[in-house]
Amino acid sequence: MTLGGSGKTPLCVAIAKNFEGAFIILRGYKRKSKGMQVVARNGEILLDVAASGDEAMIYATSLKNANVIVSEDRKLAIKYAKEYGAKYILLDDGFSKFDIAKFDILVRPNPEPRLKFCLPSGAYRYPFSFYKFADFVAIEGQTHFRKSEILNKSEKMVLVTAIANPERLKPFFDECVACVFFPDHYDFSKDELEEVLKRYDATSLLMTQKDYVKVKDFGLRVSLITLEVTLSEEFKKVLAQQI
């Protein structure tokens, strides 16, 4: 319902980990490719992050035997997924596709935007009342639970991120010598990240997985914020029934 930062990608990863046979379909926002592209088939990654987009690459690298498709035309991708044996399909950003019959899960962001207005006055894509059209509303702390930790910690980390809502990383701010925020889905360059490390005399970059998939080949030292989402038993029963 809102602009990015509600946690739908980690939630989709958790669903796919709990129920085998998923094909994940998304637009592939900010990708440098057009049309339908198969990002991963049975765990084999077929595209680089520039062609897939960062969110699609998270799925491809986070899931064993991942099947991930990016496509502006969701129906074309759904047809492909069914032909290739999908047990079920996850539409990462599918609520607005009202012409596709589906089970709609809406994620209530935590914290929620202060003003419950639609764009351009607020962060909502649709009126707040549209939650009534959901088949299930996922609420962090009730239907699913998040646990984060840092891998490969270093003495002087600088937080560098290009996620939609960097305030979600506030618990890590005090562990860093500085925080540097870029626009959502920003395309990092190695030179500018080296400059950030030098500017703050930092020993590593602290990044989310969404950031890391774009810089993993730069050869820079990265401390990684990992995120594990656990589904409640109630939520798992709802999903099992639908699948």
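The protein chain has seven helices and 12 strands. Helices (H or I, at least four residues) and strands (E, at least two) are DSSP runs, numbered from the N terminus. The model is predicted: local features need pLDDT of at least 70, side-chain atom pairs count only at pLDDT 80 or more, and totals for chains, interfaces and linings use all residues. Residues are numbered from 1 along each chain as its sequence is written, and side-chain values use heavy atoms, with hydrogens and water left out.

The overall dimensions were computed next. The C-alpha atoms of the protein chain fill a box of roughly 55 × 40 × 35 Å, taken along the principal axes. The radius of gyration of the chain is 18 Å, which agrees with the value near 18 Å for a compact globule of 243 residues. This radius is taken over C-alpha atoms, and the globule rule is 2.2 Å times the number of residues to the power 0.38. Of the 243 residues, 45% count as buried. Buried means under 20% relative accessible area, exposed means over 50%, and partly exposed lies in between (1.4 Å probe, protein chains only).

The protein chain exposes about 13000 Å². Carbon and sulfur atoms supply 50% of this area. Accessible areas come from the Shrake-Rupley method with a 1.4 Å probe; for residues, only the protein chains shown count as cover. Contacts (heavy atoms within 4.5 Å) were also examined by sequence separation. Among contacts with a separation of 6 or more, 67% involve residues 24 or more positions apart.

Charged side chains came next. The chain carries 36 positive and 32 negative side chains. The centres of the two sets lie 4 Å apart. Lys and Arg count as positive and Asp and Glu as negative, while His and the chain ends are not counted. The place of a charge is taken as NZ of Lys, CZ of Arg, CG of Asp or CD of Glu.

Side chains of opposite charge can pair when their charged atoms come close. A search of the whole structure finds 18 salt bridges. A salt bridge is a side-chain nitrogen of Lys or Arg within 4 Å of a carboxyl oxygen of Asp or Glu. One of them joins Glu-228 and Lys-17, with the closest N and O atoms 3.9 Å apart. Glu-228 lies in strand S12 (residues 222-231) and Lys-17 in helix H1 (residues 8-18), so this pair ties together parts that are 211 residues apart in sequence. Glu-228 is partly exposed at 43% relative accessibility. Lys-17 is also partly exposed, at 45%.

A second salt bridge links Asp-104 to Lys-102, with a closest N to O distance of 3.6 Å. Asp-104 is buried, at 13% relative accessibility. Lys-102 is partly exposed, at 26%.

Glu-233 and Lys-236 form another salt bridge, their closest N and O atoms being 3.0 Å apart. Both residues lie in helix H7 (residues 233-242), three residues apart, about one turn of the helix. Glu-233 is exposed, with a relative accessible area of 53%. Lys-236 is partly exposed, at 24%. Elsewhere, salt bridges that share partners join Glu-140, Arg-146 and Arg-168 into one network.

Backbone geometry was then inspected. Most residues other than glycine have a negative phi, and most peptide bonds are trans. A cis peptide bond joins Leu-119 and Pro-120, with omega of about 5 degrees. Pro-120 is found in the loop between strand S6 (105-108) and strand S7 (136-139).

Asn-42 is not a glycine, yet has a positive phi of about 50 degrees. Asn-42 sits in the loop between strand S2 (37-41) and strand S3 (44-45). At 54% relative accessibility, Asn-42 is exposed. Asn-65, not a glycine either, has a positive phi of about 55 degrees. The loop that holds Asn-65 runs between helix H3 (54-62) and strand S4 (68-70). Asn-65 is partly exposed, at 48%.

Asp-54 lies in helix H3 and is buried, with a relative accessible area of 4%. Not counting residues up to four places away in sequence, Asp-54 touches Val-49, His-185, Lys-210, Val-213 and Lys-214. Lys-82 is found in helix H4 (residues 74-83). Lys-82 is exposed, at 59% relative accessibility. Lys-82 and Phe-23 are 59 residues apart in sequence and 8.8 Å apart in space, C-alpha to C-alpha.
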